Amino acid sequence: MGMILILHPISDSEIESLTNNVSGISDFMSSEREDTIDLDKAWWGVHYLISKNGNGDTEPYCYLLNRGTELVSDPEDLNDLFEEVGNIPRALTSQQLKDFERVVSEISDEELKARFDPGDMMTHGVYPAIWDRDDPADLEYLCSYFQTLKEFLRELRKKDLGVLIDLSL
């Protein structure tokens, strides 16, 4: 199956109530919601195109890959959460989402395509390690998920929501 990234809309008050609440996080993530999106295995490639590098941690460009708001800080609770849901989710508050949406919305289709550098993606270990196969479909795959993300972030910004980031293994 591999690693996929699922984004769940969430309010700031829900983020606050889930902070350090392992069972609440688990319940939230397992609830059937129609408003989530799945970035499949494109998440790190989309991150690369947004941030212009594979492992960047400059906010807000890095938000698909890292940073944001940690939901659990206690090491024991982190272990419990990982055992329960198989990963360590984090969140973006509504303000963090607005900042991220702003930089994503400023990237044109042409600029996005110009940022695609398969060799550099392989050098940075961008998951999945398929970028050296010289397949034009790879860029279209990333562009499609980028557009999905862009629309999703726009809608959440309008609703003053944040997002729970669920990297599922």
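Asp 80 counts as partly exposed because its relative accessibility is 35%. The classes are buried under 20% relative accessible area, exposed over 50%, and partly exposed in between (1.4 Å probe, protein chains only). Accessible areas come from the Shrake-Rupley method with a 1.4 Å probe, and for residues only the protein chains shown count as cover. This is a predicted model: local features need pLDDT of at least 70, side-chain atom pairs count only at pLDDT 80 or more, and totals for chains, interfaces and linings use all residues. Residues are numbered from 1 along each chain as its sequence is written, and side-chain values use heavy atoms, with hydrogens and water left out.

Asp 80 sits in helix H4, residues 75-85. Helices (H or I, at least four residues) and strands (E, at least two) are DSSP runs, numbered from the N terminus. Together with Asp 74, Glu 76 and Glu 83, Asp 80 forms a negative surface patch. Patch residues have over 30% relative accessible area and no salt bridge; like charges are joined within 9 Å, nonpolar side chains (Val, Leu, Ile, Met, Phe, Trp, Tyr) within 5 Å. Asp and Glu count as negative, Lys and Arg as positive; His and the chain ends are not counted. A charge is placed at NZ of Lys, CZ of Arg, CG of Asp or CD of Glu.

## Salt bridges

The whole structure holds six salt bridges. Each needs a side-chain nitrogen of Lys or Arg within 4 Å of a carboxyl oxygen of Asp or Glu. One of them joins Glu 101 to Arg 157 at 2.8 Å, N to O. Glu 101 lies in helix H5 (residues 94-105) and Arg 157 in helix H8 (residues 136-158), so the pair ties together parts that are 56 residues apart in sequence. Glu 101 is buried at 7% relative accessibility. Arg 157 is partly exposed at 32%.

Glu 155 and Lys 158 also pair, at 3.4 Å. Both lie in helix H8, three residues apart, about one turn of the helix. Glu 155 is partly exposed at 36%; Lys 158 is exposed at 54%. Another bridge links Arg 67 and Glu 59 at 4.0 Å. Arg 67 is partly exposed at 37%, and Glu 59 is partly exposed at 40%.

## Nonpolar core

The largest nonpolar core has 37 residues. Such a core is a set of buried Ala, Val, Leu, Ile, Met, Phe, Trp, Tyr and Cys residues joined through side-chain atoms within 4.5 Å. Those with the most contacts inside this core include Leu 7, Ile 50, Phe 100 and Leu 149. Strand E1 (4-10), helix H3 (43-51), H5, H8 and strand E5 (162-168) each supply at least two residues. H8 gives the most, with nine.
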